Amino acid sequence: MVFSSLPFLFFFFPATLICYYAVPNKAKNAVLLLFSLLFYGYGEPVYILLMVGSILLNYTAGRLLGAFDESEKKRKAVLVLCVIANLLLLGFFKYASLFVSTVKLLPVFSFLPDPQIALPIGISFYTFQSMSYVIDTYRRNCAPQKNLITFGTYVALFPQLIAGPIVRYVDVETQLQHRTHSLVLFTNGVRLFLFGLCKKVLLANALGSIWDQCKAEAGVNPTLTAWVGILAFTFQIFFDFSGYSDMAVGLGKMFGFEFVRNFNYPYTADSITDFWRRWHISLGTWFREYVYIPLGGNRRGKARQCLNIFIVWGLTGIWHGASWNFLLWGLYFGVLLTIEKFGLLQRLQKAPRVLAHLYTLFFVVLGWVLFDFTHLRDMGAYFANLFTPQNGLLTSDGLALLISHLPLFVCAVVFSAPTARKAFERWKSHRVYRVLEPVLGVAALVLCIASLVSSTYNPFLYFRF
Amino acid sequence: MKTKYSGFALPLCFLLLLAVLTVAFFALPKKSYAENEKRILSDPPAFSWQSLLDGTLTEQAQTYIADHFPLREAFVGLHAYWEQLMLQNGDSGVYRGKDGYLFATQPKLDLDKLEKNISAIHAFADRSGLKTTWMIVPCAGYMLEDEMPPVHASYHDGDVIERAKTLCAKDTFIDARSALTNDSDAQLYYRTDHHLTSAGAKALYDAYCIEKKLSGHKFMLTTENNGFYGTAYSKSGLWLTKPDTLEIYAEPDGDYTVTITEGTNETNYGSLYFPSHLIEKDQYPVFLDGNHALVRIQNNRCQNGKKLLILKDSFAHCFATFLAAEYETIYMVDLRYHRSPVEEILQKEGIREMLVLYGAENLANSTDIAWLSLL
């Protein structure tokens, strides 16, 4: 189930909310766990077992780490085994198909059958969350969780279950046991949820239809059309992902949780380094805490730092999906970040701001081509569309595509920058705004519902009776 | 007096709206058929452990919720007008033009498939010894540039017609573009539907008569019916668009027997027109009852021995009500639905002549014409 869907908004969410606030504090986690499992099982009921298995595995590891408090050797063994088990689960369910299809390229292995495993939704997210718990327990950054329901709630918590943010256990340890619910927090949650919903439904979905058109035409797009397309995707993926994160954080607030912020206006970054501090922050933090720093980070010389950067970015890339283009995309940023680390960043800081922003956006936008084309041939064809006038520079159709989406692009630019947030901070206590807010909120929700309903409207015009 | 809690109006309104719609979903009676979408709406999902485990239960529930959502069509309309406000004209598959015109946007036309389709038809004609006439109808968006919104993607019907013309040099080719180039004020395409109006179909008929050196018959306006909302209207969600008027021109003393074959079922009717459709939103099926696999039109007042096969899509329906006057027998075959050999009929009836009448988009993109080589 996704948040931007009718079943979630009108059935799952109200039911969860009512049950959650109807039960005493003691039972709230149990309600959340139950509904989270339902939420997860909605799409793939069988994978609830996988989720429960993952919860039990990591819970047991935590308890063992607590039980072997005296023996570092045993603790290490538990950690290593648990991390391996988690990675095997992730590896099997997410990467087995990729592995087999790649190995099959060798004639010797061509007999191998495709494993045909459907990717369990959110497995990349909840495996990483669970691992943060085990590693931090091992490091004694947090105490082992003795209550299985509380731990289960942490892993399965539906707001961040399927698309993040990746919440580290240490960040929510206290909230899991004692959290305060307040109307102010709830109101903020609703506001953020609505904002996220609008980003996803009104902006990302509309922008997506432009990109779908251009992507399907890879190789035959005129230059202008290709740029309109990739810019549409640039905004689509941001509003899709950050909108989803906003909804998750907003829902968290409605249930008394304060999650970390996942996006901080990434397209206003003035270097690639800066971009990655603003884009999918919780993933970056995870890799820094649990991979980059343990590998030695920048403390073991330049050569080792380079290697570490490439390991982290290779992993970050392939984490995004079981396809080699994601690895390519990750390494692409590895290269850019290395270049910045070894001098470019300092020069950028002295350069005019406009140049720094343009440089950053240019490479981020090109990165999305690597990100969204699974096949190298299409990817190459699209790059050719972007940089050669082989299909003409500008056609009337391309111009029509741009003009008819100009207001959408303007909205996209405005909401990619902190403008709206600043305006909100400035006006939020103003009397007019207080009257206006519920009106705007309802109007926005009605528009989102209209868009969701409309997407299920399928005239079957040539049907015969 | 305002209290400091006024900020809580937002969550209150938010929850209230969700609650009202949820309650309405359960409380309101459910429709079984959506006229605009021309489809039967889904039934409530039936529970079984099997469907729960394989995920079909939740899928069905999702469809059920979507199909019976309260104020469903009102929301669809709101979304359509929101897109207009954002200048995203055409994103829903329909352009809102001037003077109440709605134009379906054009999918990519496949000229390679067009060639394959045409050669399949040629092979069929050669096999059956048919003399072929072509008439390819361009869409409204292509013909009515003046009524189009200022910003729109281009239409490529001209490319299809030009290519077909080249490929069909040995056949008779009637260029519908010139027949439909308007020199009078007559409205040749419906505003809310993709089809030709009766005036448009009559213009094609006139061109056909000239090409075939037929004297042509006289037709009289017999019916003028308001409230026709066509397919472009249904697709657009622009519910405030004014309806079209559908006109029927008929021969004063026409006497026809129409035989409609569906599978093994044959039914005879005494008229080319099916007025029961005039009370529906989409009235175009008034001509020959809309889409059918095989339709035989017998002109009871005509004994000239002329017989014709029409390979067609729905553009032919209105047109055939005119052309029927010229032939003793007409067979109309719609390859979208017809899946049995045509040659049997041709031999039995001794048909030597064929008209291929398609919309340009359909002829280029149809995947059904290939069936001809298998029939």
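Student: What share of the contacts in chain A with a separation of 6 or more comes from residues 24 or more positions apart?
Tutor: Such pairs account for 72% of those contacts in this predicted model. Two residues are in contact if their C-beta atoms, placed from the backbone, lie within 7 Å.

Student: And what secondary structure does chain A have?
Tutor: Chain A has 20 helices and zero strands; helices (H or I, at least four residues) and strands (E, at least two) are DSSP runs, numbered from the N terminus. Its radius of gyration is 24 Å, close to the 23 Å of the globule rule for 465 residues, so chain A is as compact as a globular protein of that length. That radius is taken over C-alpha atoms, and the rule is 2.2 Å times the number of residues to the power 0.38.

Student: How much of chain A is buried?
Tutor: Buried residues are 41% of the 465 in chain A. A residue is buried if 20 or more other C-beta atoms, placed from the backbone, lie within 10 Å of its own.

Student: OK, which residues touch the most other members of the largest nonpolar core?
Tutor: Leu207(A), Ile136(B) and Phe319(B) do, in a core of 214 residues. Such a core is a set of buried Ala, Val, Leu, Ile, Met, Phe, Trp, Tyr and Cys residues joined through C-beta atoms within 7 Å. The largest share of this core, 17 residues, comes from α9(A).

Student: What does Leu207(A) touch, not counting residues up to four places away in sequence?
Tutor: Its partners are Ala232(A), Phe235(A), Gln236(A), Phe239(A), Leu408(A) and Ala412(A).

Student: How is chain B divided?
Tutor: Into domain 1 (1-69) and domain 2 (102-373), with bounds from an automatic or database domain assignment. The C-alpha centres of these two domains lie 41 Å apart.

Student: What are the confidence scores?
Tutor: The model scores ipTM 0.88 and pTM 0.90. Chain B has a mean pLDDT (the predictor's confidence in each residue, from 0 to 100) of 91, and 98% of its residues reach 70 or more.

Student: What conventions apply here?
Tutor: Residues are numbered from 1 along each chain as its sequence is written, with chains lettered from A and ligands numbered from 1 in the order in which they are written. As this is a predicted model, local features need pLDDT of at least 70 and side-chain atom pairs count only at pLDDT 80 or more, while totals for chains, interfaces and linings use all residues.

Conventions
Buried ≥ 20, exposed ≤ 12 C-beta atoms within 10 Å, placed from the backbone.
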